[in-house]
Amino acid sequence: MIRENIKKVRDEIYDTAINCGRNPDDITLCAVTKTVDASAAQEVLDSGVTVLGENRVQALLEKYEVLADKPEWHLIGHLQTNKVKYIADKVSLIHSVESLRLAEEIDRRAKLANKIQDVLIEVNVSGEASKFGIRPEDTEKLLEQIAGFSNICVRGLMTIAPLPEKEGENRKYFSKLRELFVDIQSKKYDNSNMDILSMGMSRDYKDAIKEGATIVRVGTALFN
Ligand SMILES: *Cc1c(COP(=O)(O)O)cnc(C)c1O
């Protein structure tokens, strides 16, 4: 079941990319395993997916005990400052940096782990009050502040769009994030190398690809 679902999603990613003139190799599938156990996550890896995303630190740690460094781990959900220490030596990308305080702690823990931590800035482009992420207009200020942190590399931007009723509905948010991304890319902040746009989930990843996503985070569509 998982295997078939993965094939289907990968085919859709491929077709969508080709149809909008993009190289399918430029789009990474991050399989979001938050609703399944480690054995299902192992099945995902066996199907050839290499990146697993978890939104909670505790769940990531539990699966890490079983799968260790086999996958490339991405922390995609809200991250509390006091939990950075548990994952700093385990994750390759943190999608959800949204404050100076969090960035500061990531920098500190990355130094201790002797690594440069790749991160994305989470931007709340839809403006929904329930969403984490900084306001688009505050993004550059945070980048200027992070530019002083030598153990962080900002690789791009991430957003979580509202749950769409129908296809096409979220394109405006993805397009807004891409515009912000392109604008920031041209400014070349220190300790940043902007090449990742993380946007799109089960219900809207095709729209996200059409707007330039380089990572799509898909859970439900793989495990139902
Ligand atoms: C759960 C989650 C996803 C995956 O959502 P689906 O709709 O199940 O594909 C993607 N990103 C984040 C941050 C999540 O928490």
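Here are some notes on this predicted model, taken point by point.

1. Ground rules. Residue numbers start at 1 along each chain as its sequence is written, and side-chain values use heavy atoms, with hydrogens and water left out. As this is a predicted model, local features need pLDDT of at least 70 and side-chain atom pairs count only at pLDDT 80 or more, while totals for chains, interfaces and linings use all residues.

2. Helix α2. Let's start with residues 38-46, which form α2 (helices are DSSP runs of H or I with at least four residues, strands are runs of E with at least two, and both are numbered from the N terminus). Ala-38, Ala-40, Ala-41, Val-44 and Leu-45 are buried here (buried means under 20% relative accessible area, exposed over 50%, partly exposed in between, with a 1.4 Å probe and protein chains only). These residues sit on the same side of α2 because they cover an arc of only 160 degrees around the axis, taken from the directions from the helix axis to the C-beta atoms. As background, an α-helix has 3.6 residues a turn, so residues three or four places apart point the same way.

3. The end of α2. Ser-47 is in the loop that links α2 to β2. Its relative accessibility is 14%, so Ser-47 counts as buried. Leaving aside neighbours within four places in sequence, Ser-47 is in contact with Arg-3, Ile-6 and Arg-10. Also just after α2, Gly-48 has a positive phi of about 100 degrees.

4. The ligand site. Which residues surround the ligand? They are Val-32, Lys-34, Asn-55, Ile-76, Ile-160, Met-201, Ser-202, Arg-217, Val-218, Gly-219 and Thr-220, where a residue is near a molecule or strand if one of its heavy atoms lies within 4 Å of it.

5. An N or O atom in the side chain of Lys-34 is 2.8 Å from a ligand oxygen. For Gly-219, a polar backbone atom is 2.8 Å from an oxygen atom of the ligand. With Thr-220, a polar side-chain atom lies 2.4 Å from a ligand oxygen. Taken alone, the ligand exposes 390 Å², and the protein buries 87% of that (areas by the Shrake-Rupley method with a 1.4 Å probe; for residues, only the protein chains shown count as cover).

6. The α7-β7 loop. Worth a look for its backbone angles: Lys-188, in the loop between α7 (171-185) and β7 (192-198), has a positive phi near 50 degrees without being a glycine. At 69% relative accessibility, Lys-188 is exposed. Asn-191 is in the loop between α7 and β7 too, and has a positive phi of about 55 degrees although it is not a glycine; at 27% relative accessibility, Asn-191 is partly exposed. Lys-187, in the loop between α7 and β7, is partly exposed at 40%.

7. Met-194. This residue belongs to strand β7 and is buried at 8% relative accessibility. Not counting residues up to four places away in sequence, Met-194 touches Leu-143, Val-154, Arg-155, Gly-156, Phe-181, Ile-184 and Gln-185.

8. Asn-124. Look in the loop between β5 (117-122) and α6 (139-146) for Asn-124, which is buried with a relative accessible area of 12%. Its side chain reaches the backbone oxygen of Glu-128 at 3.0 Å. Beyond neighbours within four places in sequence, Asn-124 is in contact with Lys-131, Phe-132, Gly-133, Ile-134, Pro-136 and Thr-159.

9. Aromatics. How many aromatic pairs does a search of the whole structure find? The search gives 1. The rings of Tyr-64 and Trp-73 have centres 6.4 Å apart and planes at 50 degrees, so the pair is tilted (rings of Phe, Tyr and Trp, its six-membered ring, pair if their centres lie within 6.5 Å; planes under 30 degrees apart are stacked, over 60 edge-to-face and the rest tilted). Tyr-64 is buried at 18% relative accessibility, and Trp-73 is buried with a relative accessible area of 1%.

Notes. A polar contact is a pair of N or O atoms within 3.5 Å; within protein, one must be able to donate a hydrogen and the other to accept it, and residues adjacent in sequence count only if both atoms are side-chain atoms. Contact means heavy atoms within 4.5 Å.
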